Amino acid sequence: MQRLWNMLLTAIAPILWGTTYVITTEWLPANRPLLVGVMRALPIGLIFLALGRQLPKGIWWWRSLVLGALNIGFFFPLLFIAAYRLPGGIAATLGALQPFIVAFWGWVVLKERVTSRLLLMAGLGVVGVGMMLLNPQAQLDAWGMLAAFGGAMLYGVGITLNKHWGRPVPLLTYTAWQLVVGGLMIVPIALLIEGPPPAFTASNWLGFGLIGLVNTGVAYLFWFRGIERLKTSTMSFLILLSPVSATVLGWLVLDQRLSWLQMLGALVVLASIVLSQLPSRQPTPRLQVARGASGQG
């Protein structure tokens, strides 16, 4: 029962992330993805840091730099590049490769075994996301696909290292370190590529408030809490709730029509999440990779 409760709380994060598209299109400045990245991470990160009133010490200086870069600083720009150069369906489907990526890094870093059922359900999740979002006429862009895959890979490493290293301070402070580091990393890139920020309207400030406080501050608190209490494989499957949330919200708020294929795809994604977490009644065959091939002793 405790595990189910932890899963439900952690699921709040990807569900909130699924609202980002609506917030961005309705309230945020157009064509300023890096600025949005800064405003998502830095203000709420500084607020959390002021509340926690504690800076990293010793080894946690460079660990915070690594985690902040992986989860925010590198991930946000790659996410935005993919969003601007690829149709949303292609970007989301590549992002749905997270269970495979996290399973790989969990095996390498945490020595977690990869079950055949886990890989099967991961493939089912990718198929479900594709059914919801892929368009047969979608144009592929090499740089966009590299950005989407690179972002998913880096975020998978971030999840794994968060699990591996744990946290030495309260959750609020731990979250603040990563948000501030990541936000500061994006600032010079945003100024170089997009120039100074424009004058913000009241709608812009509302959008920044929602995307910063709710989609980033609240969401990452639940997400980092979940990393401590759940397996990395569970975390990777919960990420698939984000495109489901975005699709449902587009239907509810933006009056977008849902086809039967999209609704079936959402059910396939949900089924992959549930089935991947069911306990095995008997030992499940596990896929093992020779240690010599990976350099692991």
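**A chat about a cavity and some rings**

Author: Let's start inside this predicted model. The lining of the largest cavity is made up of Asn162, Gly166, Arg167, Tyr174, Phe224, Ile227 and Glu228.

Reader: How can you find empty space in a protein at all?

Author: You roll a probe the size of a water molecule over the atoms, and that shows where empty space is left.

Reader: Okay, back to the lining. Which helix gives the most to it?

Author: That's helix H11, residues 202-229, with 3 residues in the lining of the largest cavity.

Reader: And how many of the lining residues are nonpolar, polar or charged?

Author: The lining divides into 3 nonpolar, 2 polar and 2 charged residues.

Reader: New topic: how many aromatic pairs are there?

Author: The count comes to 14 aromatic pairs. Take phenylalanine 200 and phenylalanine 208: their ring centres are 4.9 Å apart and their planes sit at 65°, so this pair is edge-to-face.

Reader: Why does the angle make phenylalanine 200 and phenylalanine 208 edge-to-face?

Author: Because planes over 60 degrees apart count as edge-to-face, and the planes of these two are at 65°.

Reader: Is phenylalanine 208 buried or exposed?

Author: Phenylalanine 208 is buried, with a relative accessible area of 4%. Phenylalanine 200, by contrast, is partly exposed at 22%.

Reader: What about the rings of tyrosine 220 and phenylalanine 224?

Author: Their centres are 5.5 Å apart and their planes are at 50°, so that pair is tilted. Tyrosine 220 and phenylalanine 224 are 4 residues apart in helix H11, so about one helical turn separates them. Both are buried.

Reader: Phe224 was in the cavity lining too! Which residues are in a cluster with it through ring pairs?

Author: Ring pairs link Phe224 into a cluster with Trp17, Trp60, Tyr174, Trp177, Tyr220 and Trp223. Tyr174 is another one of the cavity-lining residues.

Reader: What lies over the face of tryptophan 60?

Author: Arginine 63 does, at 5.3 Å from the ring centre.

Reader: Last one: where does threonine 234 lie?

Author: Threonine 234 lies in helix H12, which covers residues 232-238. With a relative accessibility of 2%, threonine 234 counts as buried.

Reader: Which residues does threonine 234 touch?

Author: Leaving out residues up to four places away in sequence, threonine 234 touches Arg3, Met7 and Gln277.

Key
Residues numbered from 1 in each chain as written. Predicted model: local features only at pLDDT ≥ 70, side-chain atom pairs only at ≥ 80, totals over all residues. Heavy atoms only, no water. 1 Å grid on protein atoms, 1.4 Å probe; cavity = no way out; pocket = protein on both sides within 12 Å on 5 of 7 lines; lining within 4 Å. Helix = DSSP H or I, 4+ residues; strand = E, 2+ residues; numbered from the N terminus. Nonpolar A, V, L, I, M, F, W, Y, C, P; charged D, E, K, R; others polar. Phe/Tyr/Trp six-rings, centres within 6.5 Å; stacked < 30°, edge-to-face > 60°. Buried < 20%, exposed > 50% of the residue type's maximum accessible area, 1.4 Å probe, protein only. Lys NZ or Arg CZ within 6 Å of the ring centre and 35° of its normal. Contact = heavy atoms within 4.5 Å.
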